[in-house]
Amino acid sequence: MTAILLTAPLQGWATPLDDVPDAVFAGRMLGDGVAIDPVGACLHAPCDGEVLTLHAGGHAITMRGEGGVELLMHIGIDTVQLGGQGFTARVAVGERVERGQALIDLDLDALVRSAPSVLTPLIVTNADRFRIATRETGRLVAIGDPLLTLEPIAVTNDTAPLPGGERVVASVRVPLAHGLHARPAARIGETARSFAAESWLAKDGREAGTRGAVGLLGLGIRFGDTVQVAAAGPDAADAVAALVALIEGGMGEGVAHAPVPAVPAASVTQVELPAGQLAGTLAAPGYAIGIARRWQVADIAVPVDGAGVTVEFGRLDRALETVRAALNDGTGAAAAIRAAHVAFLDDADLTAAARTAIAEGRDAGHAWRHATRAQAAGLKGLGDARLAERADDLLDLERQVLGVLTGTAASVPVFAPGTILIADDLLPSQVMALDPAHVAGLAVERGGPTSHVAILAATMGLPALVAIGDALTAVADGTPLILDADAGILHVAPDAATLASARDVAAARQAAQAAALARADEACVTADGVRIEAFANLGSLADAEVAVANGAEGSGLLRTEFLFLDRATAPDVAEQAALYGAIAATLDGRPLIVRLLDVGGDKPAPYLPIAVEENPALGLRGIRVALAMPELLEAQLRAILSVRPAGQCRIMVPMVASVAEIVAVRAVVERLRSEMGIAEPVEVGIMVETPAAAVTAATLAAHADFLSIGTNDLTQYALAMDRGNPAVASGVDGLHPAVLQLIAHTATGAARHGRWVGVCGGLASDRLAIPLLIGLGITELSAAPRFVPELKALVRGLTINRCAALATEALTLSSPTEVRALSRDFLKGLDA
């Protein structure tokens, strides 16, 4: 058997565990290993592997390395008491790491002053599977020096019989101020090993054996959590009683009546709302009046223990295949989301985790739930709001597979017409099953504005607010509601006068929308005869069909990343060309502006070698990815240039921050034009999404054929607020005077070189923004496909001079609230 080498994760003095001033480590209750008295300021990976857990306090990390070895590194003794002070994580749960990679930065000076000891144990926690052949102690080691050599212990293929008797289960509330960390996990394991029964702890549908510290830490048990203690075997009842008593007694860690305070987050100014109004984050625009109906779905019950490994393997494989076949159907946004679910089904790590649990005697459904929830927890622990939203897709997939395994049909309640659906969260498959003829809108306690639920709601024309928060739980079934998604407000139990006014608003909006649709095929021209191009943003062939039906005069943004994400390999030239060509044909000669691949940051592609970044939004994303991977850029440009007629497709470069980037892309375009024999000129423009691009617009315009402002990213970069983070989403407003100043600067700079400027971000679909944008010099607006008729209707009532005067006044204001009030009064004047 191949020996496994573990190298020193810290620079310092290597010493035996016996020297660690803590009985848990010195007594090897968590496993065997060595300790290091550090002189360095960073903990590094001792081998290649995967991060399994990272304590919320930042002082302890577990990982799985070569051959399945499971390791715990615990920086200092009693450092859990520091509440994260002195530690900065450099990695996240679920991340693959390489030997020597930085894991945790530590403030050694602060730790020496605050902790009883800074001795840092490196523990092999599954010591029943590995023998330590050599260990280096009694000397100074540097990072990467050999520290431990492990030899796997041969195990037989005989499966030990499962413990007999029924499971005994009890619940217990965790009183530990710092939750379940390394020392309590060790004491639980020590107690469990004194009984013949096998025992487990479970939380939120995930469970871990009590004898394995890594599994227990992976449950993420915190103060106040209620966990289930279960055991099976001849003395199961005694084992459960002992473990419950141990946890309730605090295990010598001290108990608390309230959680240990966390370091407070930066405060965000909240808008004061009148009584009866709840604020949320816009997920899909619109306005609806209806009655609250809550949709709560209980977990599907599955047995814990299986009927045999072979039987359960077969059940799981058949269920996965059934769900895969059902998912390979559909079009538009629903098809893209189903494809994402299929990609999860094909995830080797996910199915391997389920099969491992089955091999340990678990039922296929129990194993699948355990695997999906573990991976979902990893995604939520990455610290990125959009990646956390993908965890909802995993939980959706869990339910679909369990439904097949148990024969539980996916039931959708029948909602009465005029229902505004309220829920703590919704799964994509649940939204896809809704009937828009009965459900008028969605109000969700959790979720994010870029989740698949938000995408589906917008596609189905359902106004939706997400991230409303705990206050939504107090809204009872049958409560009258007014959902003003555009304003980000849910009116709860409005009085008769408010309700009557809302009905007038809704009726007027419906009449205006019908009139706008009737004239959707007419050109978009202001009242004084100035041409404004009304384009549509596209993300699929189905979107193009909707855009044409709604009178779009072209597409100002084709998001090509939908072709590249949620798959194992990049699409080749032929696949890209076929889809770009089909969309261009659907547009029937109308302009199609194709944005080059915009991945990285909040849109990772698993097959691209982009290292994990501390701040992905400011790292390798947009055109930086394509320039770093020229074969990817060239393949996409070849596909775009192959579309006929030549010139219908214009090329747009995302996330530009310097002249060098646009020059580099244009050089590739010109080379390929020559190679492909294309005589017609091909326009190459840029997206203005960074303050740098806006400020240097005059310089960039000398090299670009057009400039299109991505107001979503420009706003979040200008205001230093993440638009995907519900905690600050209420402050991310593109009508902030700072953003308007950047738009004005862009239009002025482009005009020096005779370049047109468009807007393809969310402001192009915002009624209050449109007259301001036109007044600032914008001549192309690319909006959501279904909004195009309303956009055209609004522009027909505007004049350039009045818009310019409005914009000039808006630039003197101090807040987006003042700007919106100004524009609202302007539009009221138009209506009058």
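User: How do you know that the span of helix H17 agrees with its 12 residues?
Analyst: Helices are DSSP runs of H or I with at least four residues, numbered from the N terminus. The expected span is 1.5 Å times one less than the number of residues. For H17 (residues 630-641) that gives 16 Å, and the end C-alpha atoms are 16 Å apart, so the two agree. This is a predicted model, where local features need pLDDT of at least 70, side-chain atom pairs count only at pLDDT 80 or more, and totals for chains, interfaces and linings use all residues. Residues are numbered from 1 along each chain as its sequence is written, and side-chain values use heavy atoms, with hydrogens and water left out.

User: Which residues of H17 are called buried, and what covers them?
Analyst: Buried means under 20% relative accessible area (1.4 Å probe, protein chains only). In H17, Leu632, Leu633, Ala635, Gln636, Leu637, Ala639, Ile640 and Leu641 are buried. Their cover includes helix H15 (573-587), helix H16 (623-628) and helix H18 (659-676).

User: What does Leu596 touch?
Analyst: Contact means heavy atoms within 4.5 Å. Leaving out residues up to four places away in sequence, Leu596 touches residues including Leu633, Gln636, Leu637 and Ile640.

User: What makes a set of residues a nonpolar core?
Analyst: Its members are buried Ala, Val, Leu, Ile, Met, Phe, Trp, Tyr and Cys residues joined through side-chain atoms within 4.5 Å. The largest such core here has 91 residues, and Leu596 is one of those with the most contacts inside it. A second, separate core has 38 residues, including Phe195.

Methods:
Helices (H or I, at least four residues) and strands (E, at least two) are DSSP runs, numbered from the N terminus. Buried means under 20% relative accessible area, exposed over 50%, partly exposed in between (1.4 Å probe, protein chains only).
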